[in-house]
Each structure stands twice: as structure tokens, then as C-alpha cells.
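Take a look at the structure below.

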Amino acid sequence: MTIPESVAAAVQSDDRSTSNWLKFVIPSTLGAALFLMPVPGGDTWTIPFGVMVDWLNGNFGALLKWALVVVTMASAVLTLWYSYGPGKPSTPMMVQYFRTTAVWTGLRCLGAVFTILYTTGTGPEWIISGATGGTVVGALMTNLLALFALASFGLPLLSDYGFMEFVGALLSRTFHFLFRLPGRSAIDGLASWLGAAALGVMLTVQQYDKGVYTTREAAVVATNFSIVSIPFCYVIAKLVGLSDVFFAYYGCVLIIGFACALVLPRVPPLSRLPDDYKAGTTNHIDTTVREGETLVQAGTRLGLARARIAPNFPEFIKNGFDNLVFMWFSLVPATVAIAMIALVLVEYTPVFHWLSAPFVPILNWAGLAEAEAAAPSLVVGFADMYLPALIGKSIESQETRFLVAILSVSQLIYMSEVGAILLRSNLGLNIGQLAMIFVIRTIIATPIAIFLAHYVVF
Amino acid sequence: MTSETVLVPINVGSETDRAALFAQLAERAGRGATIVFMTVVPEIYLATDTDPKGTIEAMQEHAGVLLAAVAEAAPFKVDRQVVRYGPVAPAILDVAGEIGATLILINARQKGRAVAYALGSVASRVANHAHCSVTVLRH
């Protein structure tokens with residue numbers, strides 16, 4: 001769990017005891033090995049996390065399928081009971097998990113209905129077909145269940161024990177030089193890449209609240225570096241059948257992210273945001289690297305400071321378990337419902353084809369195979385991150401699927417999560433500006449992805 | 001001397017003019033009422049978040065900063081500030097029960113008619129279900 005205020009306090013005390021070094025080095029090394037180390041996987045290279053997800057799916061696929069039924073059903077029943085029935089949640093955790101609004105209650109119930117009808121094969125064709133239920137319940141959600149189970153215990157190794165601060169400090173001058181941002185932005189950017197996009201945005205907002213970033217800087221960091229974390233990139237690649245080129249895929253995501261970060265701050269709407277600090281803040285000094293310190297010294301200091309306040313083993317297990325339960329029971333059922341509704345609209349209505357019709361000639365002109373099937377991906381990513389990949393899953397051309405998987409991750413501003421948080425964060429970005437940033441990111445990402453797919457990857 | 005405890009739900013994300021609200025509260029605070037400000041971070045769909053608890057904590061911290069700024073601008077002493085996460089109206093009712101509020105003073109939000117019809121309003125839900133008096137200020 002991320003506790004930036006505590007980090008700030010801990011930075012003042014320089015704990016270089018052996019136990020603190022071990023607390024910094026061991027989990028960080030394990031985390032880096034789990035998510036960043038290339039290992040052979042079949043005919044190609046993958047990451048240990050990917051091997052574990054595949055192993056879980058391969059050996060416990062049936063169990064995961066029925067676990068999804070149990071999770072969605074339990075979530076729907078408990079949410080109805082505690083939100084609209086006589087049940088009174090007795091702990092703050094129960095309130096957080098199971099008391100919700102009518103919209104979310106409806107989505108959780110729909111998620112349970114879709115899952116049961118697909119898994120038992122008793123639903124109508126529009127629910128149990130491979131293009132709808134088969135994609136969402138059969139492919140995406142079983143992968144997500146495994147991902148959540150592993151990532152809720154694995155990612156904190158990267159984000160909570162000093163690795164993020166260490167690497168962030170090493171990159172701080174690069175960020176300052178390339179993007180004209182305070183060095184601290186490297187750590188906030190890494191919080192998304194190594195942790196969670198939503199959390200990355202919130203850490204950035206907190207730095208803005210403290211006066212480390214100006215409005216423009218905070219908006220630049222949040223709209224350029226809040227990319228979904230590595231495990232989700234892996235699941236997207238796997239969903240569209242590209243896990244065998246995961247490193248090439250992730251490399252392209254990094255290149256496109258870098259290109260967007262170079263261009264976006266220099267053009268409207270980001271360039272027109274005020275370069276003012278939040279009213280009432282006085283601490284405008286970025287202390288990521290202190291005067292006279294080398295980057296390694298700063299990284300070590302910040303990493304050790306973070307390790308000092310990081311959870312001990314029992315807390316680590318408890319936090320992971322709490323997050324896992326929250327994700328399974330609060331998020332999974334709603335994700336089933338949202339993804340199913342979107343795919344049913346794609347498969348059984350012309351809505352997305354109308355929306356994407358203007359882009360078909362452009363993609364055809366760019367020489368993309370199955371341009372008509374890929375075109376909806378250019379627009380639906382504004383609603384939710386999973387949608388482009390879900391829609392593009394059945395495209396036959398490998399290059400086109402590659403583009404779709406890249407867009408899924410690189411468009412970055414999706415209103416179901418990052419966009420909604422940005423709107424609430426008082427950074428001065430409205431929905432029109434977010435849509436503009438989304439469009440610019442798509443315009444930058446599409447040709448680069450097509451070029452890389454055509455000339456480098458395949 | 002009065003033992004009145006006034007709960008004031010604040011939407012920290014809006015630029016609402018709070019002059020009328022503050023005028024009422026200043027008058028009550030002058031009579032010795034305990035003033036409690038609260039805000040609620042509405043639920044959000046954290047679909048790709050593997051640390052939703054951490055994100056919710058961060059959102060609550062941010063809302064706390066904004067609430068503190070509102071409290072600082074108030075021309076009276078705010079005795080307590082509370083931040084919650086979840087559905088807004090039930091959270092307000094929870095806090096009212098926890099602090100033994102004798103009055104909930106709430107601004108009516110300006111919503112479009114269609115939205116208000118479809119989703120109802122926080123103020124009307126609070127007014128319908130609270131166990132104490134509720135004053136809704138229309139501005």
C-alpha cells in the first residue's frame with residue numbers, strides 16, 4: 001500500500017540497518033524478477049508472472065471458471081442484502097465492499113446473471129456465443145481472476161518496498177531533461193507502470209496538493225504516465241493472442257508512451273494549462289535528489305526510507321488479501337457486465353460501426369488489414385481500457401491485433417477509471433480536454449504502432 | 001448554551017457559493033453548536049487497480065485536503081472534519097448517526113431535470129431517511 005505522507009516523514013530518518021537493507025533488497029529483487037525478468041516460455045520469452053498466470057489457467061481453468069460463478073453470485077447476493085435488504089454491514093470493510101449505489105448493484109447482478117448463463121450454457125445465443133460470453137467470461141475474466149490473485153501479492157513487492165523510489169530517482173534527471181518535469185514525476189510515473197494507473201494519478205494529485213507540481217505539470221504527469229501496470233499489459237497481449245511477442249509489444253508501448261510524453265505537453269490543451277502552484281501551497285521544492293547527492297545515493301536513500309515504513313510480512317499478506325477480496329467481489333462482477341454489454345452492442349448492433357466509420361478509410365489508406373474490424377478500437381478505448389482488445393480479439397491479421405492491443409494500453413484516458421479520477425481531481429481538466437488528449441494520443445500511437453508492427457515486430 | 005451538533009456535508013468538487021450556508025452555520029456556531037464538516041468520495045470503478053485500498057486511501061486524503069480548505073475559509077470554528085468513501089447519502093446518514101447529529105444542513109445541488117429524475121438527489125434521500133432534522137438550502 002502506498003503511504004506518501006509517511007514516506008516524506010521517513011525520508012528525514014536515514015535507517016541503514018541491515019534489517020532495513022534486507023527489507024528493501026529482498027522484496028524489490030523478488031518483484032523485479034517476477035514482473036521484469038525475461039524467462040523462456042514455450043517458443044519465446046515471457047515474464048515469470050505470465051508463466052504463473054498461464055500455469056494457473058492451464059491447470060486450474062475449470063476451477064477458475066466456477067470460482068467466477070461463485071464470486072459473481074456471492075457479490076450480487078451480498079450487495080443486494082447490504083445495499084437494499086435488511087443487512088447492516090458491521091465493519092467499514094463490509095461497507096466498502098458491499099454497500100453501493102443502484103447502478104453498481106445492477107451491474108453486479110447483471111455480471112452474475114451473464115456468468116451463470118454462459119457457464120451453464122443455458123443463456124441465449126447473444127450471451128453464450130464465443131464473441132460475447134466466450135470472450136468476456138471464458139477468456140478475459142478467468143485471466144483477470146488469476147491476475148488479481150497473483151498481482152495483489154506480487155505488485156506490492158515492486159511498489160511498496162523501495163524499488164519504485166530507487167528506479168524513480170535514477171530516472172529523475174532524465175524526466176526533468178526530456179519532459180521539463182520535476183524529478184519526482186519519475187516516481188509518480190513508475191507508480192502507474194509498476195503499480196496501478198489510478199494510484200499513479202492520485203499520487204500525482206497529492207504532489208499537486210503539496211505544491212510540488214504546478215497545475216500543468218500535474219496534468220502532464222497524470223495524462224502521460226498513468227499507463228496500466230505490466231500485468232494488465234500481459235493480459236491484454238494474451239487476450240488478443242500476442243503473449244508470444246510480449247516483450248516486443250511492451251517495448252512498443254514504451255516507445256509510444258515516450259513519443260506521446262514528448263508531444264502532448266507542448267500542444268493544447270496541456271500547454272495552455274496554468275503553470276501555477278495550488279493556492280496556499282508554499283513547498284515548491286522537489287527534494288527527490290538533494291544537492292550534492294548522486295542519483296544512486298538518492299535512490300538508495302528513498303528506497304530505504306520507503307522500506308522502513310513498508311508493511312511487515314503479516315501486514316503484507318493481510319493487505320494483499322484485502323485487496324484481492326475487494327477486486328474479486330467489487331470489481332470483477334461489474335467488469336463482466338460492462339464488457340458483456342459493450343460486446344453485445346458491438347456484435348448485435350451497428351452502434352460502434354457508425355461511431356468508427358470515419359476512421360475506416362484512414363486505416364485502409366495506412367494499409368491495415370481488416371480496417372473495418374479494427375476501426376471501433378480507435379474510439380471505444382475512451383470508454384474503457386479493455387474494450388479495444390475485446391473487440392479486436394477475433395481479428396485474424398496479427399498486425400491489426402497488435403495495433404488494437406497497443407491502442408488498448410496507449411490511449412490511456414479511459415473514462416471508466418483514469419478519466420473519471422482526473423475529472424474529480426481538480427487539476428483543471430474537463431471532459432472535452434480529456435477527449436482531446438485521447439484523440440492526440442490515438443493519432444500519435446496509431447501510425448507508430450502500424451509501422452512497428454509492419455517493419456519491426458512481425 | 002445548546003448541545004446542538006450540526007453535520008454539514010460538503011461537495012468539495014464543486015464551486016458552489018457557500019455564503020448562505022456559512023451564514024446559517026456562523027449563527028449556530030455563535031450559539032455554541034458543534035459544527036462537523038464531512039465529504040464523501042463517491043465510488044469509482046477501479047478496473048485495473050491492484051491496490052484499490054491504497055487508491056481509495058489516496059482519494060480520501062485528497063478530499064481531506066480540499067475539505068480542510070473549505071473549513072479554513074469558514075468564518076467560524078469547524079470542530080471536526082470527516083471523509084468517507086462510498087455511496088453518498090448512506091455515508092452521510094452513517095456519520096450523522098455516529099456523531100449524534102441533531103441537524104444536517106445540506107446544500108441542494110443544481111442538477112439537470114433528467115438527471116435528478118433518474119438518479120434522485122442526495123439531499124432528498126438524506127431528508128427522507130435521516131433520524132434528525134434536515135435543512136436543505138436552495139441557492
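Two salt bridges are counted between chain A and chain B. The model is a predicted one. One bridge across this boundary joins Lys53(B) to Asp322(A). The closest N and O atoms of Lys53(B) and Asp322(A) are 2.9 Å apart.

How much area do chain A and chain B bury between them? The size of an interface is often given as the accessible area lost when the parts come together. For chain A and chain B, that area is about 3,400 Å². Carbon and sulfur atoms carry 58% of it. Chain A brings 44 residues to the contact, and chain B brings 30 residues.

Now pick out one residue, Trp104(A). It sits in helix α5, residues 102-120 of chain A. Leave aside residues up to four places away in sequence, and Trp104(A) touches Ala334(A), Ile338(A), Glu43(B) and Tyr45(B). Trp104(A) and Ile338(A) are 234 residues apart in sequence. In space, their C-alpha atoms are 10 Å apart.

Chain A is divided into two domains: domain 1 covers 48-157 + 315-340, and domain 2 covers 185-285 + 350-457. Their C-alpha centres lie 25 Å apart. Domain 1 of chain A gives 16 residues to the contact, and domain 2 of chain A gives 12 residues. Together the two domains bury about 1,300 Å². Of this area, 81% is on carbon and sulfur atoms.

Which charged side chains meet between the domains? The count between domain 1 and domain 2 of chain A is one salt bridge. In a salt bridge, the side chains of Lys238(A) and Asp54(A) meet at 2.9 Å, N to O. Over all chains, the structure holds 14 salt bridges. Asp54(A) lies in helix α3 (residues 48-83) of chain A and Lys238(A) in helix α12 (residues 230-239) of chain A, so the pair ties together parts that are 184 residues apart in sequence.

Stay with helix α3(A). It also meets helix α15 of chain A, residues 313-348. The axes of α3(A) and α15(A) come within 9 Å and cross at roughly 95°. Angles from 65 to 115 degrees count as roughly perpendicular. The helices α3(A) and α15(A) are therefore roughly perpendicular to each other. On the α3(A) side, the contact is made by Leu68(A), Val71(A), Thr72(A), Ala74(A) and Ser75(A). On the α15(A) side, Trp328(A), Phe329(A), Val332(A) and Pro333(A) take part. By class, the contact has seven nonpolar residues, two polar and no charged.

Another pair of helices crosses at another angle. Helix α18 (residues 371-380) and helix α20 (residues 398-410), both of chain A, have axes that come within 10 Å. Are α18(A) and α20(A) roughly parallel or roughly antiparallel? Their axes cross at roughly 5°. Angles under 35 degrees count as roughly parallel. The helices α18(A) and α20(A) are therefore roughly parallel to each other. Ala374(A), Ser377(A) and Leu378(A) of α18(A) meet Thr400(A), Val404(A) and Leu407(A) of α20(A). This contact has four nonpolar residues, two polar and no charged.

Notes
Residues numbered from 1 in each chain as written. Chains lettered and ligands numbered in written order. Predicted model: local features only at pLDDT ≥ 70, side-chain atom pairs only at ≥ 80, totals over all residues. Heavy atoms only, no water. Axes fitted to C-alpha atoms, helices over the stretch in contact; angles between N-to-C directions. Helix = DSSP H or I, 4+ residues; strand = E, 2+ residues; numbered from the N terminus. Parallel < 35°, antiparallel > 145°, perpendicular 65-115°, else oblique. Contact = heavy atoms within 4.5 Å. Nonpolar A, V, L, I, M, F, W, Y, C, P; charged D, E, K, R; others polar. Domains from an automatic or database assignment. Buried area = accessible area lost by both parts, 1.4 Å probe. Salt bridge = Lys/Arg side-chain N within 4 Å of Asp/Glu carboxyl O.
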